Amino acid sequence: MPGRTYMHQLDAKNRMRIPAKLREELGDNYSIMVGSGGCLYVYTEEQTKEIKASLNNINPFKENQLKAARYILRHSWDAEEDKQGRILIPEDIRNIAKIVKNVVVFKGPTCIEIWAEEVWNDYFNDVDFSNLADAFDTLNNNG
């Protein structure tokens, strides 16, 4: 069920735990990739395979497609849990997401998301929900 939000912190070695309820949904193998809006996406093994397979369909002569594929692949990480269930968030991915210490783990509509707390708060800072109605109309084919 989307919409669950959890607050966490990175430890001194830049590790964190995925909340147990969300961890169960991920299975044993999952990946972290750069996401949109300033967050990181956490995908199951199956989702990761689908995304990487879709990258095989890019046109290698269209620079923007090639650059996007390279960017996604360059900034993806197969998570490895330690004995305490913590995962490392690599420096390059942390920097892109502006994660320093406090993180928000969110069960989004398509995957689990990891946000820097400040970026999460800024993202929703000026949201006027009434202006989002067009997005819902598009999703429901009403607009």
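Mentor: We will go through the strands, the core, the salt bridges and a surface patch. This is a predicted model, where local features need pLDDT of at least 70, side-chain atom pairs count only at pLDDT 80 or more, and totals for chains, interfaces and linings use all residues. Residues are numbered from 1 along each chain as its sequence is written, and side-chain values use heavy atoms, with hydrogens and water left out.

Trainee: OK, strand 7. Is it mostly covered or uncovered?

Mentor: Mostly covered: five of the six residues in strand 7 (residues 102-107) are buried. Buried means under 20% relative accessible area, exposed over 50%, and partly exposed in between, with a 1.4 Å probe and protein chains only. Strands here are DSSP runs of E, at least two residues, and helices are runs of H or I, at least four, numbered from the N terminus.

Trainee: Which strands does strand 7 pair with?

Mentor: Strand 1 (residues 5-9) runs antiparallel to strand 7, with five bridges, and Gln9 sits opposite Asn102. Strand 8 (residues 112-116) is also antiparallel to strand 7 over five bridges, and a hairpin of four residues joins the two. Pairing requires at least two DSSP bridges between the strands.

Trainee: And the core? Which residues touch the most other members?

Mentor: Met16 and Ile114, out of 32 residues in the largest nonpolar core. Such a core is a set of buried Ala, Val, Leu, Ile, Met, Phe, Trp, Tyr and Cys residues joined through side-chain atoms within 4.5 Å.

Trainee: New topic. How many salt bridges are there?

Mentor: Seven in the whole structure. The criterion is a side-chain nitrogen of Lys or Arg within 4 Å of a carboxyl oxygen of Asp or Glu. One of them links Arg86 and Asp11, with the closest N and O atoms 3.8 Å apart.

Trainee: Why does that pair tie together parts that are apart in sequence?

Mentor: Arg86 lies in strand 6 (residues 86-88) and Asp11 in the loop between strand 1 and strand 2 (15-17), so the pair ties together parts 75 residues apart in sequence.

Trainee: What else does Arg86 meet?

Mentor: Asp82, at 2.8 Å, N to O. Salt bridges with shared partners join Asp11, Arg15, Asp82 and Arg86 into one network.

Trainee: Is Arg86 buried or exposed?

Mentor: Buried, because its relative accessibility is 19%.

Trainee: Last one: where is Phe136?

Mentor: In helix 6 (residues 133-139). Phe136 counts as partly exposed because its relative accessibility is 42%.
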